[in-house]
Amino acid sequence: MDTNVMFRMVSSVSWIPKGAAKVMLDAAEPPSNEKIRELIKNGTLKKSTLRDEEVAHAKAVAKSLGKSCSKSNVASSSSSTDPDEVVKFMKELDMDNYDDEDDDDDEIDVFTSGRGDLYYPSNDMDPYLNNNTDDDYYDSDDVDAITIKPSDSLIICARVEGEINYLEVYKYDGTWNGTQDMYPRQDIILSNPPLCTAWLDCPLKGGDKRNFVAIGFKGSPTIEIWDLDVAHEVLPCVQLGAGQTSDCDTDQSVIDLAWNKEFRNIIASASANKKVKVWDVATGQCKLTLEHHTKEVQAVEWNHYAPQVLLSGSYDCTVVLKDGRDPSHSGMKWSTNAKVESLAWDPHSEHSFVVSLEDGTVKGFDIRASDLSPSFTIHAHDKEVSSISYNTNAPNLLATGSRDKSVKLWDLSNNQPSWVATHKPNAGRVFSVSFSADCPFLLAIGAKKGKLHVWDTLSDTAVSRRYGSNRP
């Protein structure tokens, strides 16, 4: 084995609806004192002390910043900072001893973008002090590349490369006739390896709909909400579950997330600690904890037609339905006879869902069936089916992605599944697949080799022949 081979993977892919993102990104602002207090309180940052010789330097820097702000007339009552306050927070952060706490030279500082941009020769060059994103910050090529055109699609990509964890947004121009021309519009350095993402438009910052993503992580119970309309952001808008205490011997990874499109401030999380939680992202509070599984919960999803109905699947080989309209009801439970990897409600039917399993099969269920047996079973792949995605435009068209390194399309009409096409993207084991709702025959693929792929499924003759009439 070559020990120099870098570990990489794309763990999760999802699409941003057209029209949801700003045409041009806003500039990030540095963390406020209030935000730093919040981070210290919830345990993200730890209190410590500075040496005496650092205090004088801190005061000098603070006074200098104060003078610069007053001269440029950009300071406001909400952003002005007393020198002693800066010293206080520097003491709490103890950035002088930060490197001594971890000998890993590759550690990325929470307050950097990971590119070594801690120091800028002037404030005008610092993106956190220079509050604009026009041509004096980006060159003309960059402005053109990250500006959204009506034909563009945006793809969220959670990626790990070596020691660094990313959340990226790629721009895909659908007018380029199926070519793989994509531009990385945005990237965010994350503190832990991301496992799952869920796009949401809850108005966390006031106003109406906004453009956010929720991220779940390996080894951490914290769910982070990031603003995808801000460039070079260094901190999430919201952290759900931050600072909570738990059994250190229990895996706290958040494995799946589901946003409720009807109750837009609500998301559900599936965790390795056997729990399903329902969160209010506007208040940052957990509203409900469900403990009906006995092993890791791998998947969770809200019903499209009845948004109070929540489905979850687990490594305990069960799928459980809970209906919030009747809290006294114990719910429904189906046995799958194999570990659940993923599940999805049929977007064209209130009563049907499919579940993908570790043994390579995909099973369909109808919640109205009295015997709880599957409506159909597909022997879809040679290894576990890690991800599934329904096409929202063509009824009964399902994509499956597997650790056998292939992606397949299936026609589920009349509960008599038939194979349609197979795609091998040369991407390694497939972890995530997602159909676009706006360009419904584009399928995003995340896999082991760490590169985002997009398959224009209509480029396959069999798909085009069967579904070409469904092209929007």
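What share of the contacts in the protein with a separation of 6 or more comes from residues 24 or more positions apart? A few notes on that and on some local spots follow.

1. Keep in mind that this is a predicted model. To take the opening question: residues 24 or more positions apart account for 51% of those contacts.

2. On the overall make-up, the protein has 29 strands and 5 helices. Of its 472 residues, 50% are buried. The accessible surface comes to about 23,000 Å², and carbon and sulfur atoms hold 47% of that.

3. Have a look at strand S23, residues 385–390. Here 6 of the 6 residues are buried, so the strand is largely enclosed by the rest of the structure.

4. S23 also has a partner: strand S24 (residues 397–402) runs antiparallel to it, and 5 bridges join the two.

5. Now for valine 355, which sits in strand S20 (residues 352–357). Buried or exposed? Valine 355 is buried, as its relative accessible area is 0%.

6. What does valine 355 touch, leaving aside its neighbours within four places in sequence? Its contacts include Val319, Thr336, Val340, Leu343, Phe365 and Ile388. Ser342, Thr361, Val362 and Lys363 are also among them. As for glycine 313, it is 42 residues from valine 355 along the chain, and the C-alpha atoms of the two are separated by 8.0 Å.

Technical notes. Residues are numbered from 1 along each chain as its sequence is written. This is a predicted model: local features need pLDDT of at least 70, side-chain atom pairs count only at pLDDT 80 or more; totals for chains, interfaces and linings use all residues. Side-chain values use heavy atoms; hydrogens and water are left out. Helices (H or I, at least four residues) and strands (E, at least two) are DSSP runs, numbered from the N terminus. Buried means under 20% relative accessible area, exposed over 50%, partly exposed in between (1.4 Å probe, protein chains only). Contact means heavy atoms within 4.5 Å. Accessible areas come from the Shrake-Rupley method with a 1.4 Å probe; for residues, only the protein chains shown count as cover. Two strands pair if DSSP finds at least two bridges between them.
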